[in-house]
Amino acid sequence: TWPREVRSLASEFLAEPVVIYVGDTSGSLKANADVTQHVFVTHAGEKDRLLAECVRKEVQAAQGQTCRIIVFANSKRLCDQLER
């Protein structure tokens with residue numbers, strides 16, 4: 001899953017690297033049917049508002065049930081900010 005540039009750079013420093021595959025490598029991998037993924041392409045200034053709106057909608061849709069949401073961020077600092 002490394003970008004081509006990273007693989008190229010690594011090849012300059014690694015001799016006979018070992019490649020490890022985790023999971024099914026036959027191509028029959030499938031996403032969990034119980035997980036819904038939403039991807040939004042947006043401008044930087046809209047991200048906070050859009051995230052808050054998405055979380056609000058999911059919480060409302062849960063109707064008092066447990067609502068589990070995973071948000072990926074680029075840094076631990078940003079994760080800490082989003083948590084607040």
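**View 1. Lining of the largest pocket in the predicted model.** H2 and H3 each give at least two residues to the lining of the largest pocket. H2 supplies the largest share, nine residues. The lining has 29 residues, and His38, Leu51, Ile70, Val71 and Phe72 lie nearest the centre of the pocket. By class, 16 lining residues are nonpolar, six polar and seven charged. The space in this pocket is about 1,300 Å³. This is a predicted model, in which local features need pLDDT of at least 70 and side-chain atom pairs count only at pLDDT 80 or more, while totals for chains, interfaces and linings use all residues. Residues are numbered from 1 along each chain as its sequence is written, and side-chain values use heavy atoms, with hydrogens and water left out.

Terms for this view: a pocket is an open set of points on a 1 Å grid over the protein atoms alone, where a 1.4 Å probe fits, with protein on both sides within 12 Å along at least five of seven lines; lining residues have an atom within 4 Å of a point. Volume is the space filled by probe spheres set on points joined across faces, edges and corners. Ala, Val, Leu, Ile, Met, Phe, Trp, Tyr, Cys and Pro count as nonpolar, Asp, Glu, Lys and Arg as charged, and the others, Gly among them, as polar. Helices are DSSP runs (H or I, at least four residues), numbered from the N terminus.

View 2. A salt bridge (a side-chain nitrogen of Lys or Arg within 4 Å of a carboxyl oxygen of Asp or Glu) joins Glu53 to Arg49, with the closest N and O atoms 3.0 Å apart. Glu53 and Arg49 are separated by about one helical turn because they are four residues apart in helix H2. Lys57 also forms a salt bridge with Glu53, at 3.3 Å between the closest N and O atoms. Glu53 is partly exposed, at 26% relative accessibility (buried is under 20%, exposed over 50%, partly exposed in between; 1.4 Å probe, protein chains only).

View 3. Lys76 pairs with Asp80 in a salt bridge, the closest N and O atoms being 3.7 Å apart. Lys76 is exposed at 65% relative accessibility, whereas Asp80 is partly exposed at 28%.

**View 4. Gln63 in the loop between H2 and H3.** Phi of Gln63 is near 50°, a positive value in a residue other than glycine. Most residues other than glycine have a negative phi. Gln63 counts as exposed, at 68% relative accessibility.
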